[in-house]
Amino acid sequence: MADLLTQGTTSLACEEVIVRAVQFFSTENWRPTTQAARSATFQGKPPIPWFMLLLTILGFIVCIVPGVIMYIMVIRKMYRFQNLIVTANPVSGGSEVVLQYPKAAAKLATRFLEALPPLGA
């Protein structure tokens, strides 16, 4: 699964961006796995859509074989650990923040960038 990339700028120092990233993503059930002065990696599982869960349960009710196929082919593939990486690079007056994230965390990454103070503030 391809990761998406988003970047923005903030008036905070690189270390402060990483500290805020750890606080923000830890409260959103993303487990910090690696942390350095200018980067942090988080590991999490995307939520399973209710529709897919309902189809799997329906498959188990109708017959065991469709339920097992749905579980193996869809649910297990969707519910794997995925990485979210936050990198902060210094620029004049602040830092540039780059987020690399899976599609399931797109809204979360946007909310994090919006929560940071802008560069000109």
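Let's begin with Asn 29, which sits in the loop between H1 and S2. Please keep in mind that this is a predicted model. The phi angle of Asn 29 is near 65 degrees, a positive value in a residue other than glycine. As a rule, most residues other than glycine have a negative phi. Asn 29 has a relative accessible area of 71%, and because anything over 50% counts as exposed, Asn 29 is an exposed residue.

Glu 28 is found in this loop too, between H1 and strand S2 (31–35). With a relative accessible area of 31%, Glu 28 is partly exposed.

## Two salt bridges

The structure holds two salt bridges, and Glu 28 takes part in one of them, with Arg 111 as its partner. Their closest N and O atoms are 2.9 Å apart. Arg 111 belongs to helix H4 (residues 106–115) while Glu 28 is in the loop, so this pair ties together parts that are 83 residues apart in sequence. Arg 111 is partly exposed, at 41% relative accessibility.

Another salt bridge joins the side chains of Arg 20 and Glu 16, with an N to O distance of 3.3 Å. Here both partners lie in helix H1 (residues 14–27), four residues apart, or about one turn of the helix. Arg 20 is partly exposed at 32% relative accessibility, and Glu 16 is partly exposed at 34%.

## The largest pocket

The largest pocket has a volume of about 180 Å³. Glu 28 and Asn 29 turn up again in its lining, along with Trp 30. The lining also includes Gly 44, Lys 45, Pro 46 and Pro 47, as well as Ala 104, Ala 105, Lys 107 and Leu 108. Sorted by class, the lining has six nonpolar, two polar and three charged residues.

## A nonpolar patch on the surface

Finally, here is a feature to look for on the surface: a nonpolar patch formed by Phe 60, Ile 64, Val 65, Val 68, Ile 69, Tyr 71, Ile 72 and Met 73. Together these residues have about 740 Å² of accessible area.

Which helix gives the largest share of the nonpolar patch? That is helix H3 (residues 64–78), which supplies seven residues. Phe 60, on the other hand, is found in helix H2 (residues 50–62). Phe 60 is partly exposed, with a relative accessible area of 37%.

Note on methods. Residues are numbered from 1 along each chain as its sequence is written. This is a predicted model: local features need pLDDT of at least 70, side-chain atom pairs count only at pLDDT 80 or more; totals for chains, interfaces and linings use all residues. Side-chain values use heavy atoms; hydrogens and water are left out. A salt bridge is a side-chain nitrogen of Lys or Arg within 4 Å of a carboxyl oxygen of Asp or Glu. Helices (H or I, at least four residues) and strands (E, at least two) are DSSP runs, numbered from the N terminus. Buried means under 20% relative accessible area, exposed over 50%, partly exposed in between (1.4 Å probe, protein chains only). On a 1 Å grid over the protein atoms alone, a cavity is a set of points where a 1.4 Å probe fits but cannot get out, and a pocket is an open set with protein on both sides within 12 Å along at least five of seven lines; lining residues have an atom within 4 Å of a point. Grid points are joined across faces, edges and corners, and a volume is the space filled by probe spheres set on the points. Ala, Val, Leu, Ile, Met, Phe, Trp, Tyr, Cys and Pro count as nonpolar, Asp, Glu, Lys and Arg as charged, and the others, Gly among them, as polar. Patches are made of residues with over 30% relative accessible area and no salt bridge: like charges are joined within 9 Å, nonpolar side chains (Val, Leu, Ile, Met, Phe, Trp, Tyr) within 5 Å. Accessible areas come from the Shrake-Rupley method with a 1.4 Å probe; for residues, only the protein chains shown count as cover.
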